[in-house]
Number of protein chains: 2
Amino acid sequence: MPPIISIHKRDMPVVGKGLKHKTMSEAAAAEIRERILDGTYSPEMHLRQDVLAAEFGMSRIPIREALLSLESEGLLNILPHRGAVVVKLSAEEIEELFNMRLLLEPFLFLRSAPHLTSSDFSRLTKTLSEYSAAIREVNVNTWNDLNTEFHMTIYKYACSPRIISTVRNLLAECDRHTRIQLTSITADRKRAVREHRKILKLCKQGRYEEGVQLMKEHIDHIRVALIDLLHVRQEVPDASPGGGSAIELPID
Amino acid sequence: MPPIISIHKRDMPVVGKGLKHKTMSEAAAAEIRERILDGTYSPEMHLRQDVLAAEFGMSRIPIREALLSLESEGLLNILPHRGAVVVKLSAEEIEELFNMRLLLEPFLFLRSAPHLTSSDFSRLTKTLSEYSAAIREVNVNTWNDLNTEFHMTIYKYACSPRIISTVRNLLAECDRHTRIQLTSITADRKRAVREHRKILKLCKQGRYEEGVQLMKEHIDHIRVALIDLLHVRQEVPDASPGGGSAIELPID
DNA sequence: AAATTGATGATTTTATACAATGGAAAGAAT
DNA sequence: ATTCTTTCCATTGTATAAAATCATCAATTT
């Protein structure tokens with residue numbers, strides 16, 4: 001018997017059309033997105049079309065289209081005639097993403113939560129359990145998927161596909177940075193799990209006003225902790241006219 | 001003397017690189033965007049790459065890239081292997097755009113308005129005057145530019161470039177539909193001007209809470225009127241779980 | 001020494017050609 | 001007559017080649 005050669009997905013990416021993708025550019029975008037989100041391509045890294053094309057075994061045209069697509073998701077900046085750079089967000093820009101979540105997610109919550117079914121709650125319970133395990137094991141690769149699933153399941157009945165997709169994209173953009181925080185600070189990890197659990201409980205009990213309030217606090221806690229962390233690292237005083245504090249949260 | 005041949009911009013579009021655009025695809029995107037926004041390309045219209053390429057005097061590749069860019073702005077849907085279709089928004093989808101504006105614009109307003117300068121007020125006064133004239137003359141081609149300028153000037157100090165660009169894009173998307181309303185209903189036109197004028201006055205007087213409240217009402221009035229108009233036309237009962245009413249507006 | 005100009009090469013952008021896809025029409029089967 | 005299958009063709013997606021842009025470096029000028 002000849003030895004069996006094990007091919008791991010990450011060792012040798014298969015980038016192409018198939019069941020998952022109708023076009024090569026979609027497949028390339030998915031792979032590049034994954035690499036940005038998992039940190040393989042770090043902020044400010046320059047992505048070369050020819051290198052990616054050679055690696056993925058395709059021409060540069062679908063790579064260009066993939067990069068354009070990722071630019072519209074906020075993950076890349078494309079500078080004309082100079083190429084694509086992985087976005088590095090300043091503390092202020094990260095904060096803005098959280099501000100935007102704080103503006104949009106409560107709306108989705110209140111429109112959707114009253115319509116959640118028992119099947120949804122089963123799914124949320126399962127997702128929460130997996131999230132808790134991933135947090136405990138510091139398994140950073142699945143945090144965002146599970147966090148996104150938790151939030152998106154709660155919002156699924158909001159009848160606001162545009163806002164939902166905007167939030168989904170914000171979650172993806174935030175994840176690169178949320179990982180830093182959750183990796184660094186044990187207490188923040190445990191609190192995230194606790195808050196998810198309580199949000200779910202309040203939904204089950206039909207206490208939506210309290211649920212939405214906690215959802216806001218949950219998002220804000222991450223915002224505050226992350227900005228603190230980033231400012232400690234940068235030690236740059238925040239002098240912008242609108243900076244310093246987030247939106248006016250009526251925390252009763 | 002030979003007769004002077006007058007070349008109008010709209011009669012013979014010059015689509016290309018120059019001072020305005022670094023790439024052909026940017027130039028094409030701008031021209032196509034303009035045509036979508038001014039109604040030349042109506043909702044559900046199919047845009048063919050080869051036709052556009054021939055008309056603009058360029059190859060299909062930058063056209064493809066332009067179409068991708070416009071898809072990310074929400075103006076087009078690109079169906080793999082089937083081409084690009086101008087987005088037609090249902091009444092619910094239009095309403096969602098307004099809901100999103102109602103969530104985001106007050107935040108921008110409150111962060112920015114206190115920082116407006118006398119120079120800003122001069123500009124706003126001028127813009128308002130031009131807007132008023134355009135409304136009076138039912139000059140639909142400039143309404144959105146002036147409306148956008150009014151809103152964007154107020155928001156310029158919000159230190160939230162991402163939210164600002166999201167709102168700018170929402171304004172562009174709403175415009176195709178707001179025109180229907182404003183063209184149809186005289187009273188709505190006059191009220192829009194009145195509301196803009198009063199918002200500006202409240203800003204000058206430093207009465208920001210009242211200003212933001214009126215801004216919300218202003219946006220909501222258009223939403224309500226537009227949805228009424230669309231429902232009268234469609235005569236389809238709204239049975240969606242989250243439909244019927246907008247966000248919970250605390251109108252004191 | 002500093003500033004300006006020109007040349008070069010790497011990379012991106014676009015043009016042209018070829019391949020792939022999906023819808024419509026035609027033909028075959030029931 | 002209706003339904004299913006096959007073929008065809010228009011259009012899109014991708015590959016390859018050529019053109020354009022920009023950053024860097026060397027040479028020249030001030």
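Helices (H or I, at least four residues) and strands (E, at least two) are DSSP runs, numbered from the N terminus. The model is predicted: local features need pLDDT of at least 70, side-chain atom pairs count only at pLDDT 80 or more, and totals for chains, interfaces and linings use all residues. Residues are numbered from 1 along each chain as its sequence is written, chains are lettered from A and ligands numbered from 1 in the order in which they are written, and side-chain values use heavy atoms, with hydrogens and water left out.

**Exercise 1. Locate His81(B) and describe its backbone and its exposure.**

Step 1. His81(B) sits in the loop between β2 (76-79) and β3 (83-86) of chain B.

Step 2. Its phi is near 70°, a positive value in a residue other than glycine. Most residues other than glycine have a negative phi.

Step 3. His81(B) has a relative accessibility of 69% and counts as exposed; the scale is buried under 20% relative accessible area, exposed over 50%, partly exposed in between (1.4 Å probe, protein chains only).

Step 4. A backbone N or O atom of His81(B) lies 3.0 Å from a phosphate oxygen of DNA strand D.

**Exercise 2. Treat Glu44(B) likewise.**

Step 1. Glu44(B) belongs to the loop between α1 (24-37) and β1 (46-47) of chain B.

Step 2. Glu44(B) is not a glycine, yet has a positive phi of about 75°.

Step 3. With a relative accessible area of 55%, Glu44(B) is exposed.

**Exercise 3. Describe the surroundings of DNA strand D.**

Step 1. A residue is near a strand if one of its heavy atoms lies within 4 Å of it. DNA strand D is surrounded by 23 residues, the closest being Met24(A), Ser59(A), Arg48(B), Arg60(B) and Arg64(B). Of the atoms of DNA strand D that come within 4 Å of the protein, 74% are sugar and phosphate.

Step 2. Elements giving at least two residues each to this surface are α1 (24-37) and α3 (60-72) of chain A, with α2 (49-56) and α3 (60-72) of chain B.

Step 3. At a phosphate oxygen of DNA strand D, a polar side-chain atom of Lys22(B) lies 3.1 Å away. At a base oxygen, an N or O atom in the side chain of Arg60(B) is 2.7 Å away.

**Exercise 4. Characterize the interface of chain B with chain A.**

Step 1. Contact (heavy atoms within 4.5 Å) joins 35 residues of chain B to 34 residues of chain A.

Step 2. Buried area is the accessible area (1.4 Å probe) that two parts lose on being put together, summed over both. Chain B and chain A bury about 3000 Å² between them, 63% of it on carbon and sulfur atoms.

Step 3. There are 4 salt bridges between the chains, each a side-chain nitrogen of Lys or Arg within 4 Å of a carboxyl oxygen of Asp or Glu. Glu173(A) forms one with Arg162(B), with the closest N and O atoms 2.3 Å apart.

Step 4. On the side of chain B that touches chain A, α3, α4 (91-112) and α7 (161-184) each supply at least two residues. The most come from α4(B), with 8 residues.

Methods
Polar contact = N/O pair within 3.5 Å; in protein donor to acceptor, adjacent residues only side chain to side chain.
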